[in-house]
Amino acid sequence: MRVYVPLTLPGLAEAHKTGELGSGPFVAYAVTPALREWYLSEDIEELEYAALSRAALASLRLLAADPGAVRRRLVVAVDVADGVASVDPDRGLDPTALGQVTVTATVPLAKAAAVHVDADDAEQAVAAAAQALEAADGGDDDAQFVVDGADDHELLWYATQEIPNLIERA
């Protein structure tokens, strides 16, 4: 199963240092039954993009909690064995949990397929979105507009061999 692990650049640096994305349990995002129902598509590439987008929003939440982190959303794509990632059945169609899975095993960074990161030119929009996130969660439509503005920036794809360069630039 392909899962998308939300991180920040400092989180990626830590994963690079330890060699692990996480030692379980930790939250990631994947194509789940609820995500399929919400997205209304059978195209696996579209569904994976939706899961990646959910992970990017979770990365934005990590940025909001870490004011010292470089303002770039970051998601690591990794394949895990079946049964290692599970959906919480109690969360069902909870909009905040769409695509969310719990990974219960240690996942080596070496198993990552790719890293997705915002470009330099997204930093201002991502910073504004991280700052507006709490108000958006509270129902402020103007703040939600700012948060949605971060989605105007596509995450760039990087090979795992480029991780040291990404960390250095941060």
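Reply: Gladly, and I begin with the term helix: a helix here is a DSSP run of H or I with at least four residues, numbered from the N terminus. The model is predicted. Helix H1 covers residues 9-18, and just after H1 Gly19 takes a positive phi of about 80°.

Me: What makes residues of H1 count as buried, and which are they?

Reply: A residue is called buried when its relative accessible area is under 20%.

Me: What do the buried residues of H1 pack against?

Reply: They pack against strand S1 (2-7), strand S2 (20-22), strand S4 (74-79), strand S8 (112-117) and helix H6 (163-169).

Me: What makes a group of residues a nonpolar core, and which members touch the most others in the largest one?

Reply: The members must be buried residues of the nonpolar kinds, such as Val and Leu, joined through side-chain atoms within 4.5 Å. The largest core has 26 residues, of which Val3, Val5, Leu12, Leu21, Leu74, Val76 and Val115 touch the most other members. Elements that each supply at least two residues of this core include S1, H1, S4, S8 and H6. A second, separate core of 14 residues includes Tyr4, Ala34, Ala56 and Val75.

Me: Why is a space in this model called a pocket and not a cavity?

Reply: The largest pocket holds about 260 Å³ of space. Of the 15 residues that line this pocket, Arg54, Leu57, Gln144, Asp148 and Asp151 are the closest to its centre. Helix H3 (44-65) gives the largest share of the lining, 6 residues.

Me: What is the make-up of the linings by class, and where does the second largest pocket get most of its lining?

Reply: The lining of the largest pocket has 8 nonpolar, 2 polar and 5 charged residues, while that of the second largest pocket has 7 nonpolar, 2 polar and 2 charged. The second largest pocket has a volume of about 200 Å³, and H3 gives the most to its lining, with 4 residues. Among the residues lining this second pocket are Val27, Tyr29, Arg54 and Leu57.

Terms used: Residues are numbered from 1 along each chain as its sequence is written. This is a predicted model: local features need pLDDT of at least 70, side-chain atom pairs count only at pLDDT 80 or more; totals for chains, interfaces and linings use all residues. Side-chain values use heavy atoms; hydrogens and water are left out. On a 1 Å grid over the protein atoms alone, a cavity is a set of points where a 1.4 Å probe fits but cannot get out, and a pocket is an open set with protein on both sides within 12 Å along at least five of seven lines; lining residues have an atom within 4 Å of a point. Grid points are joined across faces, edges and corners, and a volume is the space filled by probe spheres set on the points. Ala, Val, Leu, Ile, Met, Phe, Trp, Tyr, Cys and Pro count as nonpolar, Asp, Glu, Lys and Arg as charged, and the others, Gly among them, as polar. Buried means under 20% relative accessible area, exposed over 50%, partly exposed in between (1.4 Å probe, protein chains only). Contact means heavy atoms within 4.5 Å.
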